[in-house]
Amino acid sequence: MKTSIATVTISGELPEKLEAIARAGFEGVEIFENDFLAFDGSPADVGRLARDHGLEITLFQPFRDFEGMPEPHRSRTFDRAERKFDLMQELGTDLVLVCSNVSPAAQGGIDRAAADFRELGERAAKRGLRVGYEALAWGRHINDHRDAWEIVRRADHPNIGLILDSFHTLSRKIDVNSIRSIPREKIFIVQLADAPLIDMDLLYWSRHFRNMPGEGDLPVTAFTEAVAATGYDGYFSLEIFNDQFRGGSSRAIAADGHRSLIYLGDQVRRNLGADYLAGAAMPERADVSGVAFVEFATDLDESTELMALLRALGFRKTAVHRTKSVVLFEQGGIKILVNIDQAGFAGAAYAVHGTFAYAIALLVDDASKAQERAIALDAEPFAQPVQDGELQLPAIRGVGGGVIYLIDEKTPLGRFSEIDFRPEADEGDLTSVGLMRIDHVAQTVSYDEMLTWLLFYTSIFDAHKTPMVDIIDPAGVVRSQVVENNTGTLRITMNGAENRRTLAGHFIAEKFGSGIQHIAFETKDIFETAASLSRCGFKSLHISSNYYDDVEARFGLDPELTERMKARNILYDRDDHGEYFQLYSGTYGEGFFFEVVERRGYRGYGAANAIFRIAALKKQMRPEGLPKDAL
Ligand code: MG
Ligand code: MG
């Protein structure tokens with residue numbers, strides 16, 4: 001797939017945009033007229049700058065309100081076009097986008113528009129330029145690519161072609177199969193954008209809420225497959241108007257865009273069984289069958305408290321690393337590593353963030369294939385030196401600069417805790433409290449990174465995102481979205497915080513970045529687990545009695561059950577599939593905590609309870625934790 005992106009998609013001054021676009025790996029760039037006008041340099045300077053970065057200028061845009069105008073507007077419009085042609089030649093691009101007319105003066109009429117394009121084609125041909133026509137979803141007379149195609153067909157000029165834009169087609173729910181009958185040489189460029197499904201005015205939706213393919217809810221893959229069916233092998237160019245992107249990091253947004261196109265190309269290649277759209281073929285999305293371990297970075301002093309908390313949660317030390325200061329704790333199928341080593345990446349992570357769950361390991365079918373796919377999708381590989389005889393775990397960098405290790409059972413990687421560790425168990429009779437596995441890992445990111453990580457996870461791993469939920473923190477809104485697979489063996493909740501007075505925002509500010517904020521363990525019987533936890537000295541987060549009055553009334557619960565929950569600070573939720581029980585630890589450090597859950601068929605994450613959990617945690621963290629008004 002030949003990749004391009006419109007300058008309007010990302011933030012910054014034009015030179016910064018071009019730098020970010022080139023660095024992300026794009027081959028082409030669309031120059032948006034406003035970016036050019038705001039730049040203090042000639043068109044030739046812009047052209048040189050793009051070429052110096054190795055970028056082809058795929059398109060100059062937009063040229064508005066052209067077709068179907070009465071005189072004297074019509075003559076003026078053609079004069080205007082000639083001036084744009086001058087500019088394009090200086091810039092060094094041969095393609096301009098004409099979007100369908102929105103002017104009240106436009107007269108409509110397919111043949112009139114076709115005649116205008118034929119004349120424009122003649123003028124463009126004299127200069128060796130091409131004109132592409134795009135139907136805006138809100139065009140006055142033309143708002144459907146099928147009508148735009150009919151105009152292009154009737155214009156019957158080699159220098160006049162069609163521009164397809166997934167947003168304009170999909171936002172109007174136009175059948176994408178209508179694209180399959182368009183001759184490929186008449187499609188001059190294809191623009192791609194996704195968007196979340198929001199019922200609102202098309203123009204407003206388009207100008208503010210577009211996002212990268214795979215980040216929204218539109219069937220961009222089906223659209224691209226229809227384009228691919230024509231044999232089109234030109235540029236796919238991202239044209240994303242999004243307020244958040246325009247305020248975000250130019251490099252991060254450009255990188256997301258590139259990842260989205262590679263992923264889209266991969267999906268189309270797989271669905272069509274055709275090779276031509278693909279870049280390099282890559283292994284399929286990795287199937288995750290569980291979290292193999294979570295690793296904390298800490299130091300000797302702080303590790304004491306962390307290990308005490310783990311023991312209170314019923315974990316037992318089972319082994320220590322052969323050459324590093326890393327201790328393995330286990331319970332049920334759960335492994336937790338406490339890394340006290342001050343050398344290496346964990347030590348560096350600790351120095352920056354303090355005690356921190358800096359790494360998770362995912363159990364996949366084939367770790368090296370999973371890593372290969374991740375790297376093909378622009379993920380950053382991670383490795384650090386190991387001693388002779390120790391395993392080099394395949395890994396990539398994840399949220400907040402953390403690490404995702406990839407482990408499988410078909411290679412010795414699955415036995416890492418025997419190969420790299422030697423048994424050294426806790427003395428005495430510490431008993432399990434019944435925790436079986438990691439149910440979910442919750443990561444907190446700043447709000448503008450959320451789409452980045454959703455795309456990261458869903459493109460690399462076989463998982464999907466669930467609809468976004470707003471969690472009302474007493475100090476603001478936290479957006480929550482989940483990445484999960486169908487079997488529930490991969491569940492990552494992402495909380496996007498907008499301000500630091502929310503608990504999630506505080507966590508980000510204090511941790512100098514995004515990261516794992518809580519880990520939830522699954523038990524088969526939360527009441528038994530809660531009783532055992534209390535014997536181990538575990539203190540669960542105190543939940544106010546008002547909560548129990550409310551939950552009892554809301555769900556019509558048996559008062560006896562409510563009393564039992566209240567005695568153990570257990571929270572409750574229910575969905576169409578079943579019931580959910582949860583309890584929390586207090587916060588550890590700057591807002592990290594553990595959760596214990598029991599699912600009785602329930603598929604959610606207790607979002608409705610988050611507000612009570614947040615209020616309770618904040619109460620615990622005051623006075624030094626948060627400003628008073630944060631409540
Ligand atoms: Mg467009
Ligand atoms: Mg949770």
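This is a predicted model: local features need pLDDT of at least 70, side-chain atom pairs count only at pLDDT 80 or more; totals for chains, interfaces and linings use all residues.
User: Hi! Which residue forms a salt bridge with lysine 317, and how far apart are the closest N and O atoms?
Analyst: That's glutamate 424, and the closest N and O atoms are 2.9 Å apart. A salt bridge here means a side-chain nitrogen of Lys or Arg within 4 Å of a carboxyl oxygen of Asp or Glu. Residues are numbered from 1 along each chain as its sequence is written, chains are lettered from A and ligands numbered from 1 in the order in which they are written, and side-chain values use heavy atoms, with hydrogens and water left out.

User: Where do lysine 317 and glutamate 424 sit in the chain?
Analyst: Lysine 317 is in strand S10 (residues 316–321), while glutamate 424 is in the loop between strand S17 (421–423) and strand S18 (435–446). The pair links distant parts of the chain, 107 residues apart. Helices (H or I, at least four residues) and strands (E, at least two) are DSSP runs, numbered from the N terminus.

User: Is lysine 317 buried or exposed?
Analyst: Lysine 317 is buried, with a relative accessible area of 15%. Glutamate 424 is partly exposed at 30%. Buried means under 20% relative accessible area, exposed over 50%, and partly exposed in between (1.4 Å probe, protein chains only).

User: How many salt bridges are there in the whole structure?
Analyst: A search finds 35. One of them joins arginine 123 and glutamate 82, with the closest N and O atoms 3.1 Å apart. Arginine 123 lies in helix H5 (residues 110–126) and glutamate 82 in helix H4 (residues 73–91), so this pair ties together parts 41 residues apart in sequence. Arginine 123 is partly exposed at 22%, and glutamate 82 is partly exposed at 22%.

User: Which residues are linked in a network of salt bridges with those two?
Analyst: The network holds Arg74, Glu82, Asp86, Asp116, Glu119, Arg123 and Arg127.

User: OK, new topic. What are the protein donors of the magnesium ion (ligand 2)?
Analyst: They are His440 (NE2), His518 (NE2) and Glu595 (OE), lying 2.2 to 2.3 Å from the ion. In sequence, these donor residues are spaced H-x77-H-x76-E. Histidine 518 lies in strand S23 (residues 515–523) and glutamate 595 in strand S26 (residues 593–600), so that pair ties together parts 77 residues apart in sequence. Donors are N, O and S atoms within 2.8 Å of the metal (3.2 Å for Na, K and Ca); water is not among the atoms, so sites may look incomplete.

User: Are histidine 518 and glutamate 595 buried or exposed?
Analyst: Histidine 518 is buried at 4% relative accessibility, and glutamate 595 is buried at 1%.

User: What about glutamate 390, where does that lie?
Analyst: Glutamate 390 lies in the loop between strand S14 (381–382) and strand S15 (395–397). Glutamate 390 is buried yet has no salt bridge. The nearest side chain of opposite charge, lysine 324, is 4.9 Å away. For charge, Lys and Arg count as positive and Asp and Glu as negative; His and the chain ends are not counted.

User: Which residues is glutamate 390 in contact with, leaving aside neighbours within four places in sequence?
Analyst: His321, Thr323, Lys324 and Asp420. Contact means heavy atoms within 4.5 Å.

User: Last one: how many disulfides does the structure hold?
Analyst: Zero disulfides, a disulfide being a pair of cysteine sulfur atoms within 2.5 Å. Cysteine 99 is buried at 3%, and cysteine 536 is partly exposed at 27%.
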